[in-house]
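Biologist: I would like to learn how to read a predicted structure, one feature after another. Could we begin with a single residue and work outwards from there?

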Amino acid sequence: MPVTFITLSLEQTTWTTVMRMTAFDADDPATDNALLRYNIRQQTPDKPSPNMFYIDPEKGDIVTVVSPALLDRETLENPKYELIIEAQDMAGQDVGLTGTATATIMIDDKNDHSPKFTKKEFQATVEEGAVGVIVNLTVEDKDDPATGAWRAAYTIINGNPGQSFEIHTNPQTNEGMLSVVKPLDYEISAFHTLLIKVENEDPLVPDVSYGPSSTATVHITVLDVNEGPVFYPDPMMVTRQENISVGSVLLTVNATDPDSLQHQTIRYSVYKDPAGWLSINPINGTVDTTAVLDRESPFVHDSVYTALFLAIDSGNPPATGTGTLLITLEDVNDNAPFIYPTVAEVCDDAKNLSVVILGASDKDLHPNTDPFKFEIHKQTVPDKLWKISKINNTHALVSLLQNLNKANYHLPIMVTDSGKPPMTNITDLRIQVCSCKNSKVDCNAAGAPHFSAAAVLLLSLFSLARL
């Protein structure tokens, strides 16, 4: 049975052994009946020479017999050769029996061609501030495509001190894709020159080297773009008391135009002012208040109010920059404390005369809050019915001094904070004295509120006095 032998060989030199063919004969090996000799019956294709290979008749070694120039893969029409090998017993005599096999030889590629740029100089143009691919660098390589001997690796060897450029290989085209990765500034440099080298992934064979065509120069022109003005510093920060007078100057903002060669003017405007507290002079950038600043406003977070301003240049079209102003508001005692709860219930026959524990809160910050002082506004209620006792800095206990009839009672509670000067608030605590029978609480028929006309008058006068 004929046998097919397949092997792969790199681009060869003359008398290089490619493979060894081995045939077997079942006759007695001690006789000529099993003494084999080899020869090449046919070579396909027969170009560039019909005798590209030779086989040792005794050993079966196939070797190359042509010059390396004829085994250059890049010049061959077909790098695949098939040899019909004949093995004949009886030491090759005509009376011997024969068998054949096919040896397939592939002329594989070596990296014997360096990549070369298609031109020495490339041109690219990019707008300042832009990033991305700006030019594709093309090379030629005669080695086998899609192998390490053909694939290119690019390196920027000069002109990139700020690492603003990077280059990567397009795996489909082998082109070098040069990209801007850090935005360029026209005002700093309008031109850049890069020197780029190309090599293969695989090393070159010893007798081949990279030459002048393996480097190229890229000239990059940066186009001027109208950039928006820049605030400095950004964010801008000021600290003021929350109750400063309307029209107070907070600061003067400062924005500069990066387009220093264009000599443009800048105008300012308010962009975001959530509470409507601010205005800005469009020419000189002075920011002042148009309303009272309030630290307790829902637009203030952690005592900081945030506003945004625009700086617009006179370019065509104009460009805009945004600046942030952070106003830290210092607290003043401008909020009176308030109590909670404002309604309580107690049984008319209660043995425990404690009515309710009151808490107090204040929107201001320490030291304008607790400790709070709790008092009963005694001008409006009988002295011997109620008692208020301090529990801690923020809470007090309201108690009865005796049981009361079923009714609704209104007890004016006065609470004062620790600010300087302090602020006081009087809150009407409504207390329902209810009937508590058989574990049922009935407050529906508590009746009308119990306070006198004199009490109403005193409360009204006190309220007027605070206006």
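Modeller: Let us begin with Gln 163, which sits in the loop between strands β12 and β13 (165-169); helices (H or I, at least four residues) and strands (E, at least two) are DSSP runs, numbered from the N terminus. What you see is a predicted model, in which local features need pLDDT of at least 70, side-chain atom pairs count only at pLDDT 80 or more, and totals for chains, interfaces and linings use all residues. Residues are numbered from 1 along each chain as its sequence is written, and side-chain values use heavy atoms, with hydrogens and water left out.

Biologist: What is the phi of Gln 163, and is Gln 163 buried, exposed or partly exposed?

Modeller: The general idea is that most residues other than glycine have a negative phi. Gln 163 is not a glycine, and yet its phi is positive, at about 55 degrees. With a relative accessible area of 48%, Gln 163 is partly exposed, where buried means under 20% relative accessible area, exposed over 50%, and partly exposed in between (1.4 Å probe, protein chains only). Asp 302 likewise has a positive phi, near 55 degrees, without being a glycine; this residue lies in the loop between β23 (286-289) and β24, and at 77% relative accessibility it counts as exposed.

Biologist: How should I read a sheet, and in what order do the strands of the one holding β12 run?

Modeller: Two strands pair if DSSP finds at least two bridges between them. In this case 4 strands make an open sheet in the order β9-β16-β15-β12, with mixed pairing. The edges are β9 (121-127) and β12 (152-158), each of which pairs on one side only. Within the sheet, strands β15 (residues 191-200) and β16 (residues 215-223) run antiparallel and are joined by 7 bridges; Ile 196, for example, has Ala 216 in β16 as its bridge partner.

Biologist: Which residues touch the most other members of the largest nonpolar core?

Modeller: In soluble globular proteins, nonpolar side chains tend to be buried together. A nonpolar core is a set of buried Ala, Val, Leu, Ile, Met, Phe, Trp, Tyr and Cys residues joined through side-chain atoms within 4.5 Å. The largest one here has 27 residues, of which Trp 386, Val 398, Ile 413 and Ile 431 touch the most other members. Strand β32 gives the most to this core, with 5 residues. Val 398 touches residues that include Val 356, Trp 386, Ile 413 and Ile 431, when those up to four places away in sequence are not counted.

Biologist: How many disulfides are there, and which cysteines do they join?

Modeller: A disulfide is a pair of cysteine sulfur atoms within 2.5 Å, and the structure holds 2 of them. One joins Cys 347 to Cys 436, with an S to S distance of 1.9 Å. Cys 347 lies in strand β27 (residues 343-347) and Cys 436 in strand β33 (residues 424-437), so this pair ties together parts that are 89 residues apart in sequence. The torsion about its S-S bond is about -90 degrees, so the disulfide is left-handed. Cys 347 is partly exposed at 24% relative accessibility, whereas Cys 436 is buried at 17%.

Biologist: And what is the torsion of the disulfide between Cys 434 and Cys 443?

Modeller: The torsion about that S-S bond is about 105 degrees, so this disulfide is right-handed. Its S to S distance is 1.7 Å, and both Cys 434 and Cys 443 are buried. If you number the bonded cysteines of the chain in sequence order, the pairing reads 1-3, 2-4.

Technical notes:
Contact = heavy atoms within 4.5 Å.
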